[in-house]
Amino acid sequence: MPSATGFMPLPALPVPSPEFLPAILDALPLWALTSEQKELRLSLCRILLGQDNADCLAAAQGLLALAFAENPFDAASLALLEETQRDRPFLPPRAAATVRLVATAMHHAPTDIPFEQIRASGDADLVARYLEVAAKDKTHALGRLAPAFGSLCRLPDAGLATALLDGFAGSIPPPLFARLAAELAVLRLPPETALEKLAALDPDAWGLYAAIAASHCLERLGRTDEALAACLGTWRALPQHGNLTLRAHALSRPTPAPPAPEAGEAAVCLYSMNKAELFRECLTHLAATDLGGALVAVLDNGSSDHTADVLRDVAPLFPAGRFRHVALPVNIGAPGARNWLLALPEVAACRNVAFLDDDAFPEPDWLARLLQTGRDHPDAGAIGCAIVDKDAPNDHQSADFNLFPPQTGEQNLPETNERLFVCEPCRGAPDLGLYAYTRPCLSVSGCCHLLPRASLEAVGGFDIRFNPTQFDDLDRDIRAFLAGRPAVYDGTVRVAHKQGSSLAMAQDMAQVAHIMGNKIKLEHKVSDADAERLWRGNLESLREDLRGKYAEVRRITDGMERGKNE
């Protein structure tokens, strides 16, 4: 297999000049939000395609080529790519032929079996049965597979997923089938296997995806230098891509393993209600991570199940004197539970407080790395990390949260003049390393976040008006941002989360109403002047961070080029 330095030849695509990214950050500051969120990427590409400018055209063409390479079955991106290719051809011949093939298959896909209803059912057996039937339709196999491929990759049994995909082998052109098999391998098989499949892909059609996925696989194997080389290779072809810039910068700055937490340096706080066995699993996992001298404080938030027995059972897993648990007779909600924990004398004596959900499963050195990020950013209001699904293939749930300008948002709350539109760039996206970077942001996920003592003293704890849950952590991060303490996201740290967000898990209209009611409260807590400060200051912070990291990555690549030529 080739080395990562020349891991995968990349397609010959138009590349914008080095001046493009700094210029577009001035013209369109929201470019700094992300290059990976599908709707935003499409909107930005449409804006660029409407300009009479070669750099803008090249930037849009490159992003659309990547969108297809990452997800060939995304209808909206495919349609804009088709239109762009028709009006101003730029793809290599084999890539253009592949786009036409996929587009034709999707345009003529049969509608007799509504797969969207099957997907919505959540029934893995029904998904598998659909794929078995679809593979037998040799004429329309690709059209039937297209809406179901994502579900195939996420079937609980990776072996079954592989077997079901193999059923399509004779009905799909080999280069396209190889691309789909490579994605399944990246998501579900060992990285060594995935690298072999990525190396076999047609570079003209799939080189961008192959290089990004290879960088991720190499990093998982600890081959950081090769991961950086693969990332930089892709970045040279797509220097307009914000996430690639941030990722290349992060890979170029490997950090030594941070020291284990000292006594008094951190308290890890959790609260739970009526999830006894899940909480047992969470705390057992937590005890196996490297907590050093950290205190663990747990609040039983009015449970009526056997949570009390679980806490007694797990207490011996933690060092003597470092596990504290409190039981309340009633549920006081998430913000109240967090404030109660913050008020415990043992917690109040610690220099940092890390909150962790009762269904969160962090990496072994998670706490030491977040503490180091806090030391690197002493003015941070909170430090957070990437949240991914606990179940394979560990798709993203959240990364850094930032604000769209109010005029770009869609009003959903007639009760208020909605101005706070949060960009959630990665929900449900596969983890290919493109959110593994560190930067300041508006807010981080409440599933796992570290609060420095200085931030707690500056803006306080959590507003109990957001009871029972939702937006209390965002509200606190907003108060910290307005006090000059923006949150910091460290996506190189990943925490697996068993369940989704409260809104995603809402089971009835009453629960949805609670959440929407809290959003109305949040809107009315923030004045118009502060809302303006928030989105403008947030985008300015992102813009300057990306501008600086772009300059550093360009210096690295320019230095490498000079080294080759000397």
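**Exercise 1.** In this predicted model, compare the reach of helix H14 (residues 224–237) with the expected span, then decide whether H14 is enclosed or open.

*Solution.*
Step 1. H14 has 14 residues, and from its first C-alpha to its last it reaches 20 Å. At 1.5 Å a residue, 20 Å is expected, and the helix comes close to that.
Step 2. Apply the cut-off for buried, under 20% relative accessible area. The residues of H14 that pass include Leu 228, Cys 231, Leu 232 and Trp 235; Gly 233 and Thr 234 are also among them.
Step 3. Buried residues make up 10 of the 14 in H14, so the helix is largely enclosed by the rest of the structure.

**Exercise 2.** Determine how strand S11 (residues 448–452) is covered and which strands are joined to S11 by bridges.

*Solution.*
Step 1. Take each face in turn. Cys 448, Leu 450 and Pro 452 lie on one side, His 449 and Leu 451 on the other, and all are buried.
Step 2. Five of the five residues of S11 are therefore buried, so the strand is largely enclosed by the rest of the structure.
Step 3. Strand S4 (residues 352–356) runs antiparallel to S11 and is joined to it by five bridges. Here Leu 356 has Cys 448 as its bridge partner.
Step 4. Strand S6 (residues 383–389) is also antiparallel to S11, with two bridges; Gly 384 stands opposite His 449.

**Exercise 3.** Describe the second largest pocket by volume and lining.

*Solution.*
Step 1. The volume of the second largest pocket is about 1300 Å³.
Step 2. Its lining has 43 residues, with Arg 154, Asp 395, Gly 428, Ala 429 and Pro 430 nearest the centre.
Step 3. By class, the lining holds 17 nonpolar, 10 polar and 16 charged residues.

Definitions and conventions: Residues numbered from 1 in each chain as written. Predicted model: local features only at pLDDT ≥ 70, side-chain atom pairs only at ≥ 80, totals over all residues. Heavy atoms only, no water. Helix = DSSP H or I, 4+ residues; strand = E, 2+ residues; numbered from the N terminus. Expected span 1.5 Å × (residues − 1). Buried < 20%, exposed > 50% of the residue type's maximum accessible area, 1.4 Å probe, protein only. 1 Å grid on protein atoms, 1.4 Å probe; cavity = no way out; pocket = protein on both sides within 12 Å on 5 of 7 lines; lining within 4 Å. Points joined across faces, edges and corners; volume = space filled by probe spheres on them. Nonpolar A, V, L, I, M, F, W, Y, C, P; charged D, E, K, R; others polar. Pairing = 2+ DSSP bridges.
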